[in-house]
Amino acid sequence: MPEAILFVVLAVIAVAAGVAVFRTDSMARASYALAVSFVAVGLMLLQFRLEYIGVITVLMMVMEMAVMAIFMIMFMGMNPALMPMDMVHSKKLSAGSAIGLFLLLTAGILLADWPESRGPAGGDLTASLGEAIMEPKMLVMLVISPVLFATLVSALVLANPRGRYSTYPLVPVEDADDDGQGKGQDHSGDSAGHAAHSAHGMDHGAGNSDGHGQHHGGGGHQ
Amino acid sequence: MTPGVVQQLPAWGPLVALAALAVVALSGAMVNGVLAARFSGRRGGGFAPIAEAARLLRQRRRSTVAADELLRRVGVAGLTVAAALKVAVLPVGAWVVSDLAVGLVWFNAMDVLVWAFVWLAGWGQNSVFPLVGGYRFLALALAYELPLMFALTAPAVAAGSLRMGDIVAAQEGLWFVVWMPVAFVVFLAAVLAFSLQRPFTAPMSADITGGVTGELSGVDRLLLLTGRYSLLSAGAGFAVALFLGGGSGPLLPDWLWFLGKTVVLLWLLVALRRRIPQLRPEQLMAPAWVVGLPVILLQVLVVAVVTINGRSS
Amino acid sequence: MTLELALIAAAALFCVGLYGALSQQVVVMVMMGLELMLNGVILAAAAFWWFLAPAPDGQVLLLVVIAAMTVEMAMGFAVAILLHRSRQTDMTEMASDLAG
């Protein structure tokens with residue numbers, strides 16, 4: 001019973017924070033309301049005994065929201081005072097479709113004939129996740145590693161202020177350009193940070209059951 | 001690997017853990033006070049943190065116009081909360097507050113929360129220099145985070161588990177620091193970074209008028225400074241559990257050895273701070289990713305090869 | 001803590017995200033709506049896993065969804081930076097060259 005209450009409280013927090021993302025006036029509050037929503041979902045995953053994935057969700061999402069807050073402020077101005085921010089288009093259509101979809105999904109959830117459970121979850125779920133991803137589901141690891149690496153590289157290439165076509169400067173640029181280069185490095189570091197830390201998140205899961213996974217993941221990064 | 005036997009404490013456990021964290025952090029601050037006094041030629045100085053805390057508690061809390069109070073208070077109080085949550089999975093000898101099966105990942109998640117809290121503290125003050133301090137912290141954090149994650153993977157691979165109790169137990173024969181020195185050094189550097197100590201005090205440096213602590217006064221300032229020492233103490237405790245054998249040692253009980261090792265390591269880190277210059281925030285990214293990452297990956301490779309050979313033989 | 005309760009929570013998150021993704025004008029806010037939708041998907045997948053088939057292999061889907069979310073955010077921010085750099089704007093209306 002206390003588990004169910006905790007679950008309901010976390011679910012309410014997650015949805016309320018999600019709504020708050022779009023209702024609040026401040027950019028920083030919007031980003032961190034989304035972070036609160038993700039932390040609530042991560043804690044709900046902990047209740048499902050998905051410990052590793054729950055903690056990884058909390059870790060990655062807080063990191064992403066911290067970086068996303070920087071992006072929001074970079075693009076949208078710097079006023080931390082609560083400034084009215086109601087920039088929407090087609091408000092009625094989107095609200096209507098969201099509410100309509102919610103009613104449809106709820107009807108489906110309540111009316112569908114869910115099958116019986118196939119038995120309780122057993123054993124060390126983290127170790128079995130590591131084994132699953134290294135043995136029967138190795139295709140997942142093999143696909144995700146190069147995809148994340150490609151994301152890293154392409155995000156850096158796209159975000160680089162030098163552009164995609166200029167050559168790498170072999171002589172140092174003069175001081176006038178220094179800010180651009182420095183900022184470019186930081187921004188591309190931000191985008192790279194997203195992909196890179198998720199790639200490492202995969203390695204956590206693999207590493208604890210079989211050392212080969214570590215080496216493989218390491219090779220994928222470099 | 002025999003799983004470590006740790007005993008989960010009953011309901012009074014968290015209070016004891018908090019008290020222990022407070023005592024250890026205070027001892028670190030006192031050592032800092034003594035060293036600062038000796039550096040300027042005075043005697044004594046161990047009372048400095050208590051005097052400073054009393055002064056700050058008495059001070060009136062000031063804030064800027066239209067500051068985001070909620071976010072600032074969350075940011076400032078969050079550092080100590082993150083340190084306390086970290087200590088919740090730390091096994092002191094044979095006792096732990098919460099025997100989480102993924103304790104190591106929880107530690108990592110809590111120090112990512114520090115990213116959010118420091119930035120919120122910088123943003124919430126509605127002033128340019130604290131905001132710059134918050135941004136500087138995120139720039140440093142992006143640089144150290146990947147090497148830290150790999151440095152945390154090394155003991156986990158060697159112990160075959162993410163549970164802190166198992167990692168401590170796997171060091172029965174040989175402490176991990178002996179064959180994972182690179183991971184140890186990287187871990188200590190990351191501890192200094194997420195607790196805003198030198199050489200990573202750019203977010204709080206004097207050239208941006210104190211940075212994240214710029215407009216803080218009274219209780220807020222005390223909470224932020226306490227949070228720094230708490231994070232440093234929690235990080236030292238984890239370094240002992242991950243690399244220095246936890247509570248192992250002759251004669252004395254486990255928990256006493258653990259606390260002793262943590263306190264000694266904390267004092268060493270506090271003393272070390274005075275000798276290192278402060279890094280500019282953009283100076284960390286290139287060395288950390290170009291030199292640090294390959295070195296720590298080689299370390300993890302060595303650990304993995306040794307573990308596989310050890311298991312198959 | 002039944003399957004229906006967890007799924008309704010996931011559906012609520014998904015629909016709030018849908019509202020955001022459809023209605024916001026700023027690219028970063030659209031991405032936050034997408035994040036909420038993926039959040040709902042993660043919760044729904046975890047609920048299905050726990051209540052219907054708690055086999056170890058099923059958790060891999062959650063990792064895939066989290067990796068997909070990360071990739072989407074990284075590329076989305078890179079494109080947002082490009083948009084800002086070339087057109088000095090962050091509104092989706094300014095990037096509607098291919099519309100209609």
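1. Chain A of this predicted model contains eight helices and zero strands.

2. Chain A has 222 residues, and 44% of them are buried. Take the contacts in chain A between residues at least 6 apart in sequence: 67% of these join residues at least 24 apart.

3. How many residues of chain A are in contact with chain C? The number is 69 residues of chain A, and they meet 55 residues of chain C. On the chain A side, the elements that give two or more residues are α1 (2–23), α2 (27–47), α3 (51–76), α4 (91–111), α5 (125–134), α6 (138–159) and α7 (178–207). Helix α4(A) gives the largest share of this side, eleven residues.

4. By residue type, the side of chain A that touches chain C divides into 49 nonpolar, 15 polar and five charged residues.

5. Leu45(A) sits in helix α2 of chain A. Is Leu45(A) buried or exposed? Leu45(A) is buried, because 28 other C-beta atoms lie within 10 Å, and the cut-off for a buried residue is 20 or more.

6. Which residues does Leu45(A) touch, leaving out those up to four places away in sequence? In chain A they are Leu50(A), Ile53(A), Gly54(A) and Thr57(A), and in chain C there is Ala46(C).

7. From Leu45(A) to Pro169(A) is 48 Å, C-alpha to C-alpha, and the two are 124 residues apart in sequence.

Notes: Residues numbered from 1 in each chain as written. Chains lettered and ligands numbered in written order. Predicted model: local features only at pLDDT ≥ 70, side-chain atom pairs only at ≥ 80, totals over all residues. Contact = placed C-beta atoms within 7 Å. Helix = DSSP H or I, 4+ residues; strand = E, 2+ residues; numbered from the N terminus. Nonpolar A, V, L, I, M, F, W, Y, C, P; charged D, E, K, R; others polar. Buried ≥ 20, exposed ≤ 12 C-beta atoms within 10 Å, placed from the backbone.
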